[in-house]
Amino acid sequence: MRWTLRDARRRWVQVLSIALLLALGVGMYAALGSMSAWRKDSADQSFSALRMHDLRVSLADGSFARAGALRAALHRMPERDAVTVAEERLVVPAQVDASARGRTIIVPGRIVGAPVDARVDTLFVRGGRALRAGDAARPVAELEYSFARHYGLPASGTIRLTGGRTLRYVGQVQAPEYFVVTAPGADFGAEASFAVAFVPLRAAQVLTGHAGRVNELVLRTRPGTDLAALRRDLTRNLRAALPATGFAFTEASQEPARRLIEKDAEGDQQLMNIFAFLLLGAATFAAFNLISRTIEAQRREIGVGMALGVEPRALARRPLLLGAQIALLGVLLGLPVGIAGNAALGSVMETFFPLPVLTTSLRPATFAQGAALGLVLPLAATALPVWRAVRVTPIEAIRVGARAAKSSGLAWVLRGVRLPGGSLGNLPIRNVLRTPRRTLTTLLGIAAVVTIVIALAGLLDSFEATLDASRREALAGAPDRLTVDLAAPLPAGSRAVAAIAGAPSVGATQTSLRLPSTLRAGEDRVNAFVEVIESDGRLWHPTLTAGTLPATRSGLVISSRAARDLNVGVGDRVDVVHPVPTGPDSSQLVSTTLPVSGINASPFRFVAYANRAAAGSLHVAGLVSRISVVPAAGRSPEDVKHALLRLPVVTGVQGASATTDAVDQRMGQFTDVLLITVTVALLMALLIAFNSTAINADERARENATMFAYGVPTGRVTRASMIEALITGMLGTALGIAAGYGVLRWVIDTTMPTTMPDIGTLTSIGAGTYALAILTGTVIVTLAPLLTLRRLRRTDIPATLRVVE
Amino acid sequence: MPRSSVAPTALPPSAAPGTTLIELDGVGRRYEIGGGEVVALADVSLRIAAEDFVVVLGPSGSGKTTLLNMIGALDSPTDGRVVVAGQDITGASRKELFAFRRHGVSFVFQTFNLFPALTAAENVEFGADVAGREDPRAVAREMLGRVGLGDRTTHFPHELSGGEQQRVAIARALASGNPILLADEPTGELDFRTGVQILELLHAQAHTGRAVLVVSHNREIARVADRVIELSSGRVVADGPPEGGQVEISELRW
Ligand SMILES: Nc1ncnc2c1ncn2[C@@H]1O[C@H](COP(=O)(O)OP(=O)(O)OP(=O)(O)O)[C@@H](O)[C@H]1O
Ligand SMILES: [Mg+2]
């Protein structure tokens, strides 16, 4: 048994690189597995850092109370002591015009008037400066950060409000209720279409024409306060004080921002967990393979030891120590990898969920989970071959190396069959077949990495394909098409509608009515926007993958995702629960049953269309809430925005693919995380290839030395190794591609519906992904033997050919 | 250092009896080990001709393997000169050494070192392949027949006995058609009867115009040699016909 220094050093390189492989798995597992916890922790800490209210009381739309009246309701209350802070606010809807540098940005929004020195729902300044005591009566504002960031607005500037009044803003801020911006009708990317201006209370009252008035009360309470009891008391007092005014309570946990952060974090984590498990699984599996191969190579030594009468326990010690070294080192290195992974994923978090407080530190519990697997598997990988080695008879063990192999595995398959290329040319394939177990272990290690490359990069492709399909559908026929949304449904013949169609910058138009609805079939329900359209829309009409949108009978066309979730098909009937306008500012929910007449091509679940014939049953005949327009010849979409956004009835003018763009943005976090994960997978592939080659070179040392003794040049010996690697690599890649496709399908079918219920992700694997898989599984693996070229050249031929190894 | 190119065609596959094939001039090989120095060979000068059947004798560690490695260009001397078939291989480049091994010498190892994934015939074919011989498959068939294994062509090494494997190894060495055959303890792993068979085979090769060198520490084997070179501590201490005269292989006892 030679244990020269070079041997030990080489072994250390191997120990280190397998440990690094494990470390990548363990560290990334800890980082990826922590993301939802980070988000919840960060959100919780941000909410408490900004002193978010525990309870909000809002007066009904359009109702106001005299300043002080709401707070006064607290005074005559038994539970009074439970409330630590109470502040009144004025919240008024407003159209916000933030157009700048030739770009028209006009969106609905609100003005929030609150004390400058607020002790509830304080503002976190992201840019510019904070509001000061001296600003208390001045018309200055802070602009909500997500909106400002979306449009890349400067830290300070001016906006215009409904009616043309300008308002200077001095900074950009985050506020607890707007950590995630939600707006009615916009499920994704609401920050693009909703602007909030925070203004000192007194200035807000003047600005909005509600001097001395408020309409909201926010409270912070002592921990453990019975909020239900508090609400009961408050209800009684407010009813007494403001008998004619409606009001509603919202507890902190019910605030949309808070709920969305929780819900999204949980849904997203499922996907992150899959990434985490894939990396950890591939790493530990590959480490397992590499270690067992290394130990297999020592089986002869163990046999010699046994022949000499050494106790099996003593013989097992050294290989077990090797396994333990790798495992421990892997877990130790996992720590810095985890910290680096944390940093990388933390910056993704920062981009997608900017919060005042962001905690993205390594979570010991999650790390421990990965570490446990990272410890147990390598030890098992050592124990199994050692156990097998000490079980064989010593004679057998010694014979393995000295008198060639005990058997020639599957080489008999090729016994009579000759490939061209002479004996040397036949050697690689024979070697692959001769040791099927070794080949299989190597092959599975390669397949593991290819699987995750295909699954992860394939998921990226699938996202892309889904968004492409949606964009293609939205832009079909009229790439310049814009959708103009009206504040409320208007009669088709109304003057406002005519004004839009008649605007000089507007070319062809097509009207529709968009109803935020819930589709019901039996127990299942799905939220959708049912758009009542002309069946023969000249400007644009949906592509149907099944059925029709009939011209005369009423019909409903839903997305295939909705059809699946509702368990319905063409010909089935669904209930559409939707609002019907009852006045200028009021509406009422009604349920209408419609037959599903077709399935549309949109991957988005919420996309649904009804025809004009159905409008009657939906009680919206002749109403318009959306107008599709294309710019007139020589006019640009920006011209149209500029002209139409100024009209009071128009709440938004967007490119037809705006929804897709918003979904794109929502998927961005996964895209970024996927890129990081794929990069780690590629690193792992390199380590696996390197290790496989090193082990291979060890196993083939004697054969190679024999070839050298016969004068076979190093180049040809290397080529034989490369061909062998190529065969194994191709088989591993093929297996990995098949398995990767399976994993991808599984993720899309089982996890995506929870993570992004609104999107029917299409399964797609792009050419680039296949190329990447072939690169990692075949090209790198095939080229890896070149790494051992130097070692081959330095082979001590006589020493290698000597009897005892 | 003078360099001579060893052209693949420079060496005849066999030579007329008496032609000098191997020439060693004051060859020495020293190993530096951790400050100390081990002298494996010192001042060895030898000439070996075609059709010589030489046995190299000596106790363990005397330098037998080292000597064989010098001749086979697996190792280079630290002193002196090694000339094979008129070509100085002492200062030859790595590439030239590889070419020399393909066309000058062939090895038979104590541990056979057959390729386990190739059949007997393919292992033999390998020898013909690397030497660039025409129709390697026919050569392989012929050589396997010559070592008496014509009916085991499609067997894998693990399906053959030790003696049979060594015969395949000899056939592989012969298939190269190279003029020098080097065998380091070729019978070391074999029993007496099998050892004798192997020895007979090697002996027979000397009569085809080759020089055959067999390393052994067994004096009994040396009795069948044309010539016995005895090493001790890296020096040649005896060189001549076997003590007590050459005997027939059938008379051997060990
Ligand atoms: N690579 C090496 N490094 C250092 N010393 C070596 C090396 N190879 C051989 N030696 C030394 O050179 C001397 C001759 O070794 P060699 O292998 O030629 O002996 P041998 O006669 O073949 O012995 P055996 O009959 O045991 O095979 C020995 O003392 C050995 O220790
Ligand atoms: Mg020796």
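How many residue pairs are in polar contact between chain B and chain A? The count is 11 residue pairs, both residues of each pair being at pLDDT 80 or more. The model shown in these views is predicted.

**View 1. The surroundings of ligand 1.** The shell around ligand 1 is made up of 13 residues. The closest are Ser60(B), Gly61(B), Lys64(B), Thr65(B) and Thr66(B). Sorted by class, the shell holds 5 nonpolar, 6 polar and 2 charged residues. Helix 1 of chain B supplies the largest share of this shell, 3 residues.

View 2. In the side chain of Ser60(B), an N or O atom lies 2.5 Å from an oxygen atom of ligand 1. The side chain of Thr66(B) likewise has an N or O atom 2.5 Å from an oxygen atom of the ligand. Ligand 1 taken alone exposes 630 Å², and the protein buries 69% of that. Strand 1 (20-33), strand 2 (36-49) and helix 1 (64-71) of chain B are the elements that each give two or more residues to the shell around the ligand.

**View 3. The interface of chain B and chain A.** Chain B brings 37 residues to the contact and chain A brings 34 residues. Between them the two chains bury about 3200 Å², with 60% of this area on carbon and sulfur atoms. The rule finds 1 salt bridge across the interface. On the side of chain B that touches chain A, the elements giving two or more residues are helix 2 (94-103), strand 6 (105-108), helix 3 (120-130) and helix 5 (162-175) of chain B. The residues on that side of chain B comprise 15 nonpolar, 12 polar and 10 charged.

**View 4. A salt bridge between the chains.** Side chains of opposite charge can pair when their charged atoms come close. Here the side chains of Glu122(B) and Arg430(A) form a salt bridge, with 2.7 Å from N to O.

**View 5. A salt bridge within chain A.** Over all chains, the structure holds 43 salt bridges. One pair joins Asp575(A) and Arg520(A), whose closest N and O atoms are 3.9 Å apart. Asp575(A) belongs to strand 18 (residues 573-581) of chain A and Arg520(A) to strand 14 (residues 506-521) of chain A, so this pair ties together parts that are 55 residues apart in sequence.

Key
Residues numbered from 1 in each chain as written. Chains lettered and ligands numbered in written order. Predicted model: local features only at pLDDT ≥ 70, side-chain atom pairs only at ≥ 80, totals over all residues. Heavy atoms only, no water. Near = heavy atom within 4 Å. Polar contact = N/O pair within 3.5 Å; in protein donor to acceptor, adjacent residues only side chain to side chain. Areas by Shrake-Rupley, 256 points an atom, 1.4 Å probe, with all protein chains shown as cover. Helix = DSSP H or I, 4+ residues; strand = E, 2+ residues; numbered from the N terminus. Nonpolar A, V, L, I, M, F, W, Y, C, P; charged D, E, K, R; others polar. Contact = heavy atoms within 4.5 Å. Buried area = accessible area lost by both parts, 1.4 Å probe. Salt bridge = Lys/Arg side-chain N within 4 Å of Asp/Glu carboxyl O.
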